[in-house]
Amino acid sequence: MLNLWGSSPLDRRELIRVGGLGLAGLSLPRLLANTPAPSGPKPKSFGQAKNCILLYLSGGPAQLDTFDPKPDAPDDIRGPFSTIATKLPGVRFTELVPHTASWMHKAALVRTMWHEHNDHGRGTYWMVTGVPYSGGVPEVNSMSRQDMPHMGAVLAKLAPGQGPLPAWAMVPHRMDVAGGRRAGQFAGSLGPKYDPLLPGGNPNDDDFKLDHLPLVANERPDALKRRLSLVDQLNAESKPLNSLAMSSTIKDSQAKAVQVISSDRVRKAVDLSAADPKERERYGRNMFGQSVMLSRRLLDAGTRLVQCNWQRSQGVDGFAWDTHWNNFDAHKDYLVPPFDQAFHALMTDLEATGKLDETLVVVASEFGRSPKITKSNAGREHWPDCFSVLFAGGGIKGGQVYGQSDKIAGRPASNPVTPADFLATIYHCLGIDPHGEMHDQGDRPFAITKGTPIAALVG
């Protein structure tokens, strides 16, 4: 953590951290910029979303046990759960998601997402970049500057918003395995300038504050500004700074660093310890619930896109939604209820504050689970052939189901949707032309996406 509170001068390491926190987190020079939307007539939904929160259920929920039940399917496919009516007439979910079902009059469910990669790494890469992974199965620490950029990095370059925080964040951590970094979770070929803010830590901690921002969340703004000697310290260290490769970056970052450190919006966003305990309880006192709450507050502080990841560390035995065994007990007891509670709290708050129409809420994962139940351990296996994603808010025409799966939720029976279409829909709502072109850090052009926004959802 950057030392702003002592009397000693900044050391070399701290000076570098002022200029940018590197690949893993915040880089201050990229805070304020704005790119106009492309010209030409666009539907009303284009750019209606000022921001977006992606609830990413890493591991893959079982579509048959959540949003696409098949009560007439055979026993070895159907599963044990009964179905309930949603707020959308004629559409039923399983009994596990009563709160989410109550929002279907304002949400759009896509039941026919599909792709061809049945491992977590490549499935995630395809879902967040819109293109298939070009190599084999991504190994641990496979992140590369040759990767296609995450959708958040595209947003950060083309339409980052007003700040003071970075355009996008990944809360609370990347979706890593055994400490390794999976491809597709940062800016890739766009360069480190567009990497995400990574808060770190566990938002469920009573005293949670961001690990990778140079601020103390509980300090009053006037106290911060009185004690803040960042600019004076930097100026006093001008000679050693001139010998550093990052000196110009640090110089350009001074005013923006002060803005982040002293911003009342930032302080309120990251200081969950000062939040109303009842509000925290509404989201659920668990890592995911508090991550959703933090994500909403980061949007309030100026971040345009937050990917809120379900971490394996929240799941029993560490498999989270990757339910190769005990699928039904896992969904019923500790996977679906925390999601359902947090989603309901998020939607309730967005609607109550009048922000739902300008906030795109997306629920997705890398794939679904197999229709066929593995009898030996009551599990469901990886299944990219057909799964569900949910959209609501900012630019989305709610109250509909798009696409129908077959009798066992194993293949799309109508209106298949690819990851490129999924991203194109999100870009459209955020005001980015999905058919546009951009350039990587080597000035090489590439298509933003080769998909098409789902017309029924965006009009």
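The largest cavity holds about 90 Å³ of space, in a model that is predicted. A cavity here is a set of points, on a 1 Å grid over the protein atoms alone, where a 1.4 Å probe fits but cannot get out. Grid points are joined across faces, edges and corners, and a volume is the space filled by probe spheres set on the points. The structure holds 3 cavities of 30 Å³ or more.

Residues are numbered from 1 along each chain as its sequence is written, and side-chain values use heavy atoms, with hydrogens and water left out. Because the model is predicted, local features need pLDDT of at least 70 and side-chain atom pairs count only at pLDDT 80 or more, while totals for chains, interfaces and linings use all residues.

**Cavity lining**

- Lining residues, meaning those with an atom within 4 Å of a cavity point, include Leu57, Pro61, Phe67, Val363, Phe367 and Phe387 for the largest cavity.
- Two elements, β7 (359-364) and β10 (387-393), each give two or more residues to the lining of the largest cavity.

**Chain overview**

- The protein chain has 15 helices and 15 strands, taken as DSSP runs numbered from the N terminus (helices are H or I with at least four residues, strands are E with at least two).
- Of the 459 residues in the protein chain, 59% are buried, a term for under 20% relative accessible area, as against over 50% for exposed and in between for partly exposed (1.4 Å probe, protein chains only).
- Among contacts (heavy atoms within 4.5 Å) in the protein chain with a separation of 6 or more, 75% join residues 24 or more positions apart.

**Helix α4 and Thr129**

- Thr129 is in helix α4 (residues 120-129), and Thr129 counts as buried because its relative accessibility is 3%.
- A polar atom of the Thr129 side chain lies 2.7 Å from the backbone oxygen of Tyr125 and a polar atom of that side chain lies 3.3 Å from the backbone oxygen of Val131.
- A polar contact is a pair of N or O atoms within 3.5 Å; within protein, one must be able to donate a hydrogen and the other to accept it, and residues adjacent in sequence count only if both atoms are side-chain atoms.
- Beyond its neighbours within four places in sequence, Thr129 contacts Met148, Pro149, His150, Gly184 and Leu423.
- Gly123 is also found in helix α4, and Gly123 is buried at 0% relative accessibility.
- The C-alpha atoms of Gly123 and Glu366 are 4.8 Å apart, although 243 residues separate the pair in sequence.
- With neighbours within four places in sequence set aside, Gly123 is in contact with His115, His117 and Glu366.

- Gly188 sits in the loop between β5 (168-171) and α6 (221-227), and Gly188 counts as buried at 0% relative accessibility.
- Not counting residues up to four places away in sequence, Gly188 touches Ser144, Arg145, Asp147 and Gln441.
- Arg369 belongs to strand β8 (residues 368-369) and is buried, with a relative accessible area of 0%.
- The Arg369 side chain reaches the backbone oxygen of Gly59 at 2.7 Å.

- In helix α5 (residues 151-158), 6 of the 8 residues are buried: Met151, Gly152, Ala153, Val154, Leu155 and Ala156.
- These buried residues pack against β1 (51-56), α4, β5, β6 (305-309), α14 (419-430) and β14 (437-439).
- Helix α12 (residues 287-300) has 14 residues and reaches 20 Å from its first C-alpha to its last, close to the expected 20 Å, where the expected span is 1.5 Å times one less than the number of residues.
- Of the 14 residues in α12, 13 are buried.
- The N-terminal end of α12 is capped by Asn286, with a side-chain oxygen 3.2 Å from the backbone nitrogen of Phe288.
- Gly302 follows α12 and has a positive phi, near 115°.

**Cysteines**

- The count of disulfides is 0, a disulfide being a pair of cysteine sulfur atoms within 2.5 Å.
- Cys429 is too far from a partner for a bond, because the closest cysteine sulfur, in Cys52, is 8.4 Å from its own.
- Cys429 is buried at a relative accessible area of 0%, and Cys386 is buried with a relative accessible area of 0%.

How values were computed. 1 Å grid on protein atoms, 1.4 Å probe; cavity = no way out; pocket = protein on both sides within 12 Å on 5 of 7 lines; lining within 4 Å.
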